[in-house]
Amino acid sequence: MKICIVGASGKLGQYLVEHALDRGYEVVGVCREKSIEKLGSFQGRIKIIPGKTNDRQVIEKAVSGCDGVLTVLVPWGVHNYSSGTAQAVLDFAQPNARLVFSCGWHISRDGQDLYTKKFIWMLRVVGWLARLIRIIDIDDQVEACQRIFSSDTRWTIVRGSDLEEGESHGLPIWSQHVGDPVLKSNMTRRVDFALFMIDSLVNNDLIHQAPAIVGCQTPSVLSQTVV
Ligand SMILES: NC(=O)c1ccc[n+]([C@@H]2O[C@H](COP(=O)([O-])OP(=O)(O)OC[C@H]3O[C@@H](n4cnc5c(N)ncnc54)[C@H](OP(=O)(O)O)[C@@H]3O)[C@@H](O)[C@H]2O)c1
């Protein structure tokens with residue numbers, strides 16, 4: 001299988017590259033020119049296409065011939081970086097390619113997610129502050145996901161909980177909606193977020209789903225496990 005990883009040089013992206021190579025996939029990575037050195041340990045094992053992830057020509061070249069595209073959706077800046085990236089992937093990926101995108105729990109597909117007051121408050125404050133200093137535009141990540149939800153491509157949007165570093169615990173558990181008690185621990189190892197995205201490439205049950213994930217060893221999962 002040939003796959004493209006859009007945003008390959010970030011923390012999540014590098015885990016995606018590792019998992020993909022472990023599975024023997026042919027990997028094309030997209031990252032900013034200045035970040036190529038972050039992928040030095042993969043030299044000779046992946047093809048890198050430098051450029052901004054919302055550059056349509058870059059994405060058209062990178063996804064050509066790929067059976068799957070994994071996209072790290074980040075709401076950087078205030079110039080439609082996230083929605084531009086998502087739109088380019090939707091427009092140029094092969095018609096039958098599996099498309100898997102990352103985002104956070106704050107994205108809701110159907111409005112049925114139940115958030116704590118603390119979560120909503122934090123999101124509002126962080127979103128407002130970040131937009132004020134023009135670093136991040138969370139609304140643009142929301143727009144990106146709306147475009148994906150309404151597309152007829154074979155998409156999955158993986159919604160990550162809070163993240164931590166550390167060794168893999170295994171494939172995260174998922175639920176359709178935030179608010180499900182199984183997700184209460186709100187913590188996933190970043191390496192396992194990547195594992196879930198890679199696994200989604202070959203899991204057709206996740207097509208047109210927006211799984212909200214949590215680590216499989218977290219207290220909220222373990223307390224629900226029937227012995
Ligand atoms: N962090 C969390 O706690 C958390 C929680 C839930 C979900 N998520 C989701 O997880 C995904 C990855 O998040 P992460 O926090 O782990 O980040 P990450 O993997 O470190 O990814 C950051 C990405 O953004 C790029 N980037 C950084 N600064 C940029 C700029 N100024 N302009 C354009 N691109 C820039 C990085 O590229 P370079 O390598 O070129 O810098 C990298 O590809 C996102 O979809 C996020 O919504 C994160």
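The legends below describe close-up views of a predicted model. Local features need pLDDT of at least 70 and side-chain atom pairs count only at pLDDT 80 or more, while totals for chains, interfaces and linings use all residues. Residues are numbered from 1 along each chain as its sequence is written.

**View 1. The shell around the ligand.** The ligand is surrounded by 23 residues, a residue being near a molecule if its C-beta atom, placed from the backbone, lies within 6 Å of it; the closest are Ser 9, Gly 10, Leu 12, Ser 35 and Gly 160. Two or more residues of this shell are given by each of helix 1 (11–22) and strand 5 (98–104), where helices (H or I, at least four residues) and strands (E, at least two) are DSSP runs numbered from the N terminus.

**View 2. The largest nonpolar core.** Among the 59 residues of this core, Cys 4, Ile 5, Leu 16, Val 69 and Val 89 touch the most other members. Such a core is a set of buried Ala, Val, Leu, Ile, Met, Phe, Trp, Tyr and Cys residues joined through C-beta atoms within 7 Å, and buried means that 20 or more other C-beta atoms lie within 10 Å of a residue's own.

**View 3. The surroundings of Val 58.** Val 58 lies in helix 2 (residues 56–63) and counts as partly exposed because it has 19 C-beta neighbours inside 10 Å, this class falling between buried and exposed, the latter meaning 12 or fewer. Not counting residues up to four places away in sequence, Val 58 touches Val 30, Ile 49, Gly 51 and Lys 52, contact requiring C-beta atoms, placed from the backbone, within 7 Å. Val 30 is 28 residues from Val 58 in sequence and 8.0 Å from it in space, C-alpha to C-alpha.

Methods: Contact = placed C-beta atoms within 7 Å.
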